[in-house]
Amino acid sequence: MIAGFATADGTKRYAASHAERTASGHFREFPGDLRAASLGLGTYLGREDAATDALYEKAIARALERGINVLDAAINYRHQRSERAIGRALAACIARGVVARESVVVTTKGGYLAFDGETPPDPRAYFTTTYVQPGIVRPGDVVGWHCMTPRFLADQIDRSRANLGLETIDVYYVHNPETQLDEVERPQFLTRLRAAFEALEEAVRARKIRWYGAATWNGFRVPPQERGHLSLAEVLAAARDAGGEQHHFRVVQLPYNLAMLEAFTLANQRADAGLAPMLRVAEHAGLYTMASASVMQGQLSRGLPPELGAVLPGLATDAQRALQFVRSTPGVGTALVGMKTVAHVEENAGVAKTPPVPWEQFQRLFTAA
């Protein structure tokens with residue numbers, strides 16, 4: 001496995017090497033004094049086959065050449081194939097001198113029971129053999145297909161490290177922890193979350209991961225009265241219980257785009273003066289936010305209102321405008337977008353040539369509504 005992890009010096013050198021092809025504001029301050037690109041390559045979509053693997057590997061290599069140094073996956077994406085594609089592409093780029101390991105922020109997630117490369121003929125038999133019989137998962141641990149016990153997460157971290165070919169993962173997320181609230185009452189959920197964070201603090205001490213966080217779909221963007229709501233204050237309290245004031249919970253991920261505005265507009269998180277939107281509260285807490293679904297799985301890549309061009313100028317396509325909207329939103333660090341072709345990389349990387357829209361101009365999108 002490749003040793004090391006993203007470092008301040010490595011990411012700063014990477015940012016400097018791309019300064020001529022990227023505008024000011026493309027590289028942002030990340031935990032540990034790193035520099036992370038405002039665009040990140042996601043690997044959620046695609047068939048579970050070798051052809052898609054090859055497409056991703058080429059796209060990842062091109063992204064690293066074009067100033068995108070954030071790569072995002074999850075162990076269950078494409079039945080572990082996305083992590084493996086990242087691993088192969090990154091290893092090849094390091095071998096060719098395209099990047100150094102220290103220049104790239106690699107993030108992945110654990111929480112869902114994952115197949116191995118393809119859907120097995122008998123999924124329940126596969127899970128019994130893989131997880132139940134070895135004692136990794138016990139009765140009562142799983143909600144639907146979701147698990148976040150310390151035993152399970154420790155196993156998943158090692159599988160992800162092997163898939164990625166990395167000794168140390170830069171950011172490891174608990175994947176959609178709010179899934180547990182479908183069946184578990186909140187006090188028990190918080191107990192489970194603290195136990196998960198204790199396991200992740202141990203993984204930090206073992207240098208298997210650098211930081212951890214929560215990657216959510218609904219949890220951070222629904223009203224407080226909904227059962228699946230995640231309180232960032234409670235999540236951070238669980239992290240402090242697990243790791244003290246110097247805990248390593250440093251990153252959150254949630255959907256945010258032109259059609260899913262809750263992270264910016266919905267006051268659903270406890271703040272000093274009552275309730276405030278997630279992005280504002282996360283930023284105040286010193287967390288880095290990665291926005292997923294930035295183009296809503298392609299739905300926002302065409303057909304946007306022409307008026308957006310006046311507020312988000314200097315861009316050629318609707319996909320670029322959708323990404324510019326996300327990366328210009330206060331509180332967003334990196335806009336993640338699925339890219340499994342070189343053509344998508346070239347189009348999306350073009351956004352990096354344009355500075356983020358200043359607040360005075362950006363807020364026109366909301367004051368005009």
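In which sense, right-handed or left-handed, does helix H5 pass helix H6? H5 passes H6 in a right-handed crossing. The model discussed here is predicted.

**The barrel**

The strands S3-S4-S5-S6-S7-S8-S11-S12 form a closed barrel of 8 strands with parallel pairing. On average, and with direction ignored, neighbouring strands of this sheet are turned by 30 degrees against each other. Helix H11 (residues 318–328) packs on the sheet and touches S3, S11 and S12. The direction of H11 makes about 150 degrees with that of S12.

Strand S12 (residues 334–338) is mostly covered, with 4 of its 5 residues buried. S12 runs parallel to strand S3 (residues 39–42), to which 4 bridges join it. Strand S11 (residues 288–292) is also parallel to S12, and 2 bridges join this pair. Ala335 of S12 is the bridge partner of Leu39, and Ala291 stands opposite Ala335 as well.

| Strand pair | Sense | Bridges |
|---|---|---|
| S3 and S12 | parallel | 4 bridges |
| S11 and S12 | parallel | 2 bridges |

**Helix pairs**

Helix H2 (residues 50–65) and helix H3 (residues 81–96) pack at an angle of about 45 degrees, and their axes are 9 Å apart. H2 is therefore oblique to H3. The crossing of H2 past H3 is right-handed. On the H2 side the contact is made by Ala50, Asp53, Tyr56, Glu57, Ile60, Ala61, Leu64 and Glu65. H3 contributes Arg81, Ser82, Ala85, Ile86, Arg88, Ala89, Leu90, Cys93 and Arg96. By class, this contact of H2 with H3 has 10 nonpolar, 1 polar and 6 charged residues.

For helix H5 (residues 150–164) and helix H6 (residues 186–205), the axes come within 9 Å and cross at roughly 35 degrees. Pro150, Leu153 and Ile157 of H5 make the contact with Ala195, Ala196, Ala199, Leu200 and Ala203 of H6. The residues of the contact of H5 with H6 divide into 8 nonpolar, no polar and no charged. In general, an α-helix has 3.6 residues a turn, so residues three or four places apart point the same way.

Which residues of helix H1 (residues 8–17) are buried? They are Ala8, Gly10, Thr11, Tyr14 and Ala15. Their cover includes strand S1 (27–30), strand S2 (34–37) and H2.

Asn348 lies in helix H12 (residues 342–349). Why does Asn348 count as buried? Its relative accessibility is 5%, and the cut-off for buried is under 20%. Leaving aside neighbours within four places in sequence, Asn348 is in contact with Leu39, Ala319, Leu323, Val337 and Met339. Among these, Leu39 is the residue whose bridge partner in S12 is Ala335.

Key
Residues are numbered from 1 along each chain as its sequence is written. This is a predicted model: local features need pLDDT of at least 70, side-chain atom pairs count only at pLDDT 80 or more; totals for chains, interfaces and linings use all residues. Side-chain values use heavy atoms; hydrogens and water are left out. Buried means under 20% relative accessible area, exposed over 50%, partly exposed in between (1.4 Å probe, protein chains only). Two strands pair if DSSP finds at least two bridges between them. Axes are lines fitted to C-alpha atoms, for helices over the stretch in contact, and angles run from 0 to 180 degrees between N-to-C directions. Angles under 35 degrees count as roughly parallel, over 145 as roughly antiparallel, 65 to 115 as roughly perpendicular and the rest as oblique. A crossing is left-handed if the near helix is turned anticlockwise from the far one by less than a right angle, and right-handed if clockwise. Contact means heavy atoms within 4.5 Å. Ala, Val, Leu, Ile, Met, Phe, Trp, Tyr, Cys and Pro count as nonpolar, Asp, Glu, Lys and Arg as charged, and the others, Gly among them, as polar.
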